[in-house]
Amino acid sequence: MAQNYEEMDAIAMLKADHRKVEEIFAAFESARSRDKKQALAEQACLELKVHTVIEEEIFYPACKGNIEEDLLKEAYVEHDGAKQLINEIEAGGPEDDFYDAKVKVLSEMIEHHVEEEEKRSEGMFAQARAAGLDMDLLADQMRERKRTAMEEFQAGKPAEPLTLREENGGQEPTLNELTGDTAR
């Protein structure tokens, strides 16, 4: 019997989000009407913005020091590339020349990112589980943040890249700044 979202641990929640977005992208690929494509693209963008927030504010900081640092850094940069496309997709519409192409590239970027997180033995999720992180506590925090993030993004808040120079006043944040570790 499948768990509902409220019963899942952190990794199960993140994987459920991944499957949901994959389904939305598949529906976009088969959609023919502009209205349907726009609704699906907007739904995917919303789901991805919320997902990146719970990963960046809760899951990734918990992983810091417990998984390969390069994997964590790549995840932040991959998120930022996706956020740029999300903001462009949301600012445009299906009548734009590159709309479908942007959604397709976003889909491919997310597919790669998901693969990196979900790799069986060396992926981020496997490393986090092997490190013994409290996945139930993280899930509780993620569920609460997901609710508030959904409200923020439904109200029109854009995705905010963290690692890109132009978006960050010319400065690249340190991994400590990204993960909220100010003890150093």
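Buried here means under 20% relative accessible area, exposed means over 50%, and partly exposed covers whatever falls in between, using a 1.4 Å probe and protein chains only. The model is a predicted one, so local features need pLDDT of at least 70 and side-chain atom pairs count only at pLDDT 80 or more, while totals for chains, interfaces and linings use all residues. Residues are numbered from 1 along each chain as its sequence is written, and side-chain values use heavy atoms, with hydrogens and water left out.

As for the overall layout, the protein chain has seven helices and zero strands, where helices (H or I, at least four residues) and strands (E, at least two) are DSSP runs numbered from the N terminus. Along the sequence this reads as α-α-α-α-α-α-α. Of the 184 residues in the protein chain, 46% are buried. Take the contacts (heavy atoms within 4.5 Å) between residues at least 6 apart in sequence: 75% of them join residues at least 24 apart.

Back to α4, which runs over residues 99-118. This helix has 20 residues and covers 28 Å from its first C-alpha to its last, close to the 28 Å expected at 1.5 Å a residue; the expected span is 1.5 Å times one less than the number of residues.

Next come the nonpolar cores, each a set of buried Ala, Val, Leu, Ile, Met, Phe, Trp, Tyr and Cys residues joined through side-chain atoms within 4.5 Å. The largest has 23 residues, and the members that touch the most others are Phe-59, Met-124, Met-135, Leu-138 and Met-142. Elements giving two or more residues to this core are α1, α2, α3, α5 and α6 (135-154), and α2 gives the most, with five residues. Apart from this core lies another, of 20 residues, including Phe-28, Ala-82, Val-103 and Ile-110.

Met-135 lies in helix α6 and is buried at 6% relative accessibility. Neighbours within four places in sequence aside, Met-135 is in contact with Asp-9, Ala-10, Ile-11, Phe-59, Ala-128 and Arg-129. Met-135 and Ala-10 are 125 residues apart in sequence, yet their C-alpha atoms are 5.0 Å apart in space. Leu-138, with neighbours within four places again set aside, is in contact with Ala-10, Ile-58, Phe-59, Ala-62 and Leu-133.

On to the aromatics. Rings of Phe, Tyr and Trp (its six-membered ring) pair if their centres lie within 6.5 Å; planes under 30 degrees apart count as stacked, over 60 as edge-to-face and the rest as tilted. The structure holds three such pairs. One of them, Tyr-60 with Tyr-76, is edge-to-face, at 5.2 Å centre to centre and 75° between the planes. This pair links distant parts of the chain, with Tyr-60 in helix α2 and Tyr-76 in helix α3, 16 residues apart. Tyr-60 is buried at 0% relative accessible area, and Tyr-76 is also buried, at 0%. Phe-59, Tyr-60, Tyr-76 and Phe-125 form one aromatic cluster. Elsewhere, the charged end of Lys-37 sits over the ring of Phe-28, 4.6 Å from its centre; that label applies if NZ of Lys or CZ of Arg is within 6 Å of the ring centre and within 35 degrees of the ring normal.

Not counting residues up to four places away in sequence, Lys-83 touches Thr-52, Glu-56, Ala-159, Glu-160, Pro-161 and Leu-162. Val-77 is in helix α3 too, but is partly exposed at 47% relative accessibility. The C-alpha atoms of Val-77 and Leu-162 are 8.0 Å apart, although the two are 85 residues apart in sequence.

Finally, the cysteines. A disulfide is a covalent bond between the sulfur atoms of two cysteines; the test used is a pair of cysteine sulfur atoms within 2.5 Å. A search of the whole structure finds zero disulfides. Cys-45 is buried at 2% relative accessible area, and Cys-63 is buried at 0%.
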